[in-house]
Amino acid sequence: MVLLRVCVVGALVLTSIGQVTVLKVEGKVETVMEKVVKQHLNGCHLVFLTTTTHSPLASSIIRQLGVVGVVADVTMEGGDRLWGDQRTTCRAVILLTHNNNNNNTNLLLRHLERIGLYKRSEVVVVAVGLREDVEKVLLHPSLRNTAHALYLAFTPHTTPISTLIPHSTSTSAFTPHTTSHETDQFRNFQGHVLRMTAVNYFPYVAFVRETEEPQTPVTFTDSLDVRIFQTFTKKLNISYKVTDAPNRTWGADKDGVFFGMMGKLQREEADLCTSSGPTRSRFKVIDYLRIHPSDHMIVTSLQPALLPQHLAIVRPFSDGVWLSLLVGVVGWSVIMWALQLVWTRMVAEGGRGISFSMALMYGWGALLEQTHPDPSLSVSGQLLVGWWLVFCVVITTGFRSSLVAHLTVQGKTAPIDSFEDMVAQKGWRWGTEETLFKGAPVEYFTISHDPVVQKANSILEILGWKDGLRKVQEGGYSFFAFRNFIRFTVGSHFTDANGRSPFYIGKRGLSAVHFLGWNGAPFYPRFSELMHYLEDAGLRAYWIEQVLDKRIRDTRQGILLYEEESQQVALKLGHMQGAFYLFFLGVVLAFLVLLLETIFPPRNTSKQLLTHSQGLHNLSDSVQLS
């Protein structure tokens with residue numbers, strides 16, 4: 001990632017090309033810094049980096065300028081705290097290397113590398129030091145991606161201060177947050193060739209390898225990342241060269257050292273890598289540009305099956321409802337029988353009560369709204385029956401309508417819509433796609449405290465999508481993967497011309513990866529701005545639908561063509577149409593010929609028939625005479 005080093009050095013160091021001018025300014029360092037800050041860094045978040053805990057020069061500059069700045073020394077840890085928060089739009093680092101000490105300068109430059117200045121190309125760097133250290137500072141690797149740098153040099157034992165500034169004295173020539181298209185290096189990369197590395201992951205990234213050798217050059221095919229990046233290349237005037245990622249993996253870390261695509265970016269062998277998921281370890285060394293929102297992991301199972309019809313009469317209500325209904329009928333019957341018994345023995349002595357079986361039948365009849373009027377019931381019994389009938393009217397309507405619906409329309413099993421539904425199934429098994437269950441998804445399932453995720457991970461099978469979906473078809477099995485991957489796989493391989501598929505894709509999933517992003521430090525601010533424009537215009541969502549639909553359609557047509565060419569197909573009536581047409585044509589022609597011969601017999605044929613008939617007549621006469 002050395003795109004901007006030539007620009008910085010060429011503009012600020014090489015005086016022979018006539019683009020820089022050396023101006024001698026009389027005065028103190030504080031006076032010169034005041035001019036630089038007020039004219040070019042007004043409103044920026046300032047960080048004064050020194051080699052001492054208390055820098056008199058930094059304190060003097062802050063007091064004279066009346067600005068708010070962060071003073072840090074090389075012993076301070078946690079460089080991210082120096083850059084402000086997300087609301088900070090302009091940042092500047094002021095290096096105080098003015099002491100005549102090479103060790104101090106080296107300490108500052110190594111600290112810039114440690115706090116990740118190379119990942120923040122938009123940060124303005126202003127250095128104060130000896131004149132002979134100009135190239136040493138500006139050409140240091142820690143400033144390899146810095147777009148704006150200024151060195152204030154002075155000569156020991158003299159008061160004049162020499163500064164190197166662009167030939168144009170206008171503020172737009174240096175101001176980092178200028179809106180001028182002509183002066184912003186990130187609006188035109190002058191055809192610079194980016195070194196990219198990629199992992200094949202449709203629908204986000206798709207390419208064709210030139211050879212099967214490791215890290216071979218690849219050619220992008222239609223995919224979402226490719227459409228976005230091609231838009232960027234036209235807008236920013238850049239080109240790219242893409243190679244396959246080492247080991248064809250995103251990359252895991254071992255003691256802070258990454259392998260695969262992340263390792264290539266960490267070693268700065270690539271400027272940019274395609275979409276990948278963020279992890280805690282990756283965040284320590286890589287900045288992510290958010291390109292795609294979270295692609296949820298969803299569950300794929302068989303379509304809901306029909307329920308057995310012989311259980312339709314008991315299916316409208318759950319076991320708890322049926323038990324409550326039974327207890328209510330028996331309990332009410334017992335209460336009615338007891339009240340009648342108490343009434344006949346204590347109040348209306350000698351009165352005729354009812355038996356328990358009769359009370360039970362009354363309770364059941366009241367539930368079905370088919371009670372038999374019995375004048376022997378007491379007033380209390382009739383009141384109780386009346387209140388029970390009111391209750392029955394409320395519940396019986398729903399009971400009977402639900403019962404009729406279940407008897408006339410055969411129900412289906414409940415679909416598996418989420419991970420909660422999947423792990424709740426008894427004797428159920430599940431698996432996931434082996435090529436995608438790496439990096440961020442593995443970390444999510446490993447460290448999650450969600451009991452559903454923990455149970456799903458405890459008996460998880462890692463296998464290919466062909467084996468996984470075959471097990472789903474066998475029953476008692478679910479296969480989960482990212483939504484867009486499942487949509488493409490099922491839509492292209494397991495969906496017929498009418499859009500029917502044996503699989504049911506769940507509606508609710510897990511956000512195992514928070515987002516997918518690109519990695520590449522020097523281009524982050526400008527790429528982020530352009531990505532916001534695409535997102536606001538709705539192009540990203542529109543493109544992903546286009547890419548998926550086109551790929552599903554092309555893949556399905558290719559599969560059907562391959563099956564027609566490679567598989568034996570049983571002959572059907574449609575295949576025999578030509579033979580039947582020839583057969584019927586021959587029958588019709590033969591019939592016409594026979595008809596013509598009958599109507600218009602040939603002459604030779606008629607004479608032969610006459611001679612033959614005379615011969616038969618003579619033969620019959622001779623037989624009679626004999």
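Tutor: One term comes before the tour. A nonpolar patch joins Val, Leu, Ile, Met, Phe, Trp or Tyr side chains within 5 Å, taken from residues with over 30% relative accessible area and no salt bridge. Keep that for the end. Note also that this is a predicted model.

Now the setting. The chain has 626 residues, and 42% of them count as buried. It holds 20 helices and 21 strands. Among contacts with a separation of 6 or more, 74% link residues 24 or more positions apart.

The part to look at is strand β17, residues 429-433. Start at R429, which lies in this strand. Is R429 buried or partly exposed? R429 has a relative accessible area of 36%, so it is partly exposed: buried would need under 20%, and exposed over 50%. Leaving out residues up to four places away in sequence, R429 touches E461, K471, G476, Y477 and S478. R429 and G475 are 46 residues apart in sequence, yet their C-alpha atoms are 9.5 Å apart in space.

Move along to T432, also in strand β17. T432 has a relative accessibility of 1%, which is under 20%, so T432 counts as buried. Beyond residues up to four places away in sequence, T432 touches M297, F437, L460, E461, I462, L463, F479, F480 and A481. E461 is in that list, and E461 also touches R429.

Follow the contact to F480. With residues up to four places away again left out, F480 touches W430, G431, T432 and E433, along with M297, I298, V299, F419, M422, F445 and L460.

A nonpolar patch of about 1000 Å² is made by L582, L585, V588, L589, F591, L592, L595, L596, I599 and F600. One of these, I599, is found in helix α19, residues 577-599.

How values were computed:
Residues numbered from 1 in each chain as written. Predicted model: local features only at pLDDT ≥ 70, side-chain atom pairs only at ≥ 80, totals over all residues. Heavy atoms only, no water. Helix = DSSP H or I, 4+ residues; strand = E, 2+ residues; numbered from the N terminus. Buried < 20%, exposed > 50% of the residue type's maximum accessible area, 1.4 Å probe, protein only. Contact = heavy atoms within 4.5 Å. Patch = residues over 30% accessible without salt bridge, like charges linked within 9 Å, V, L, I, M, F, W, Y side chains within 5 Å. Areas by Shrake-Rupley, 256 points an atom, 1.4 Å probe, with all protein chains shown as cover. Salt bridge = Lys/Arg side-chain N within 4 Å of Asp/Glu carboxyl O.
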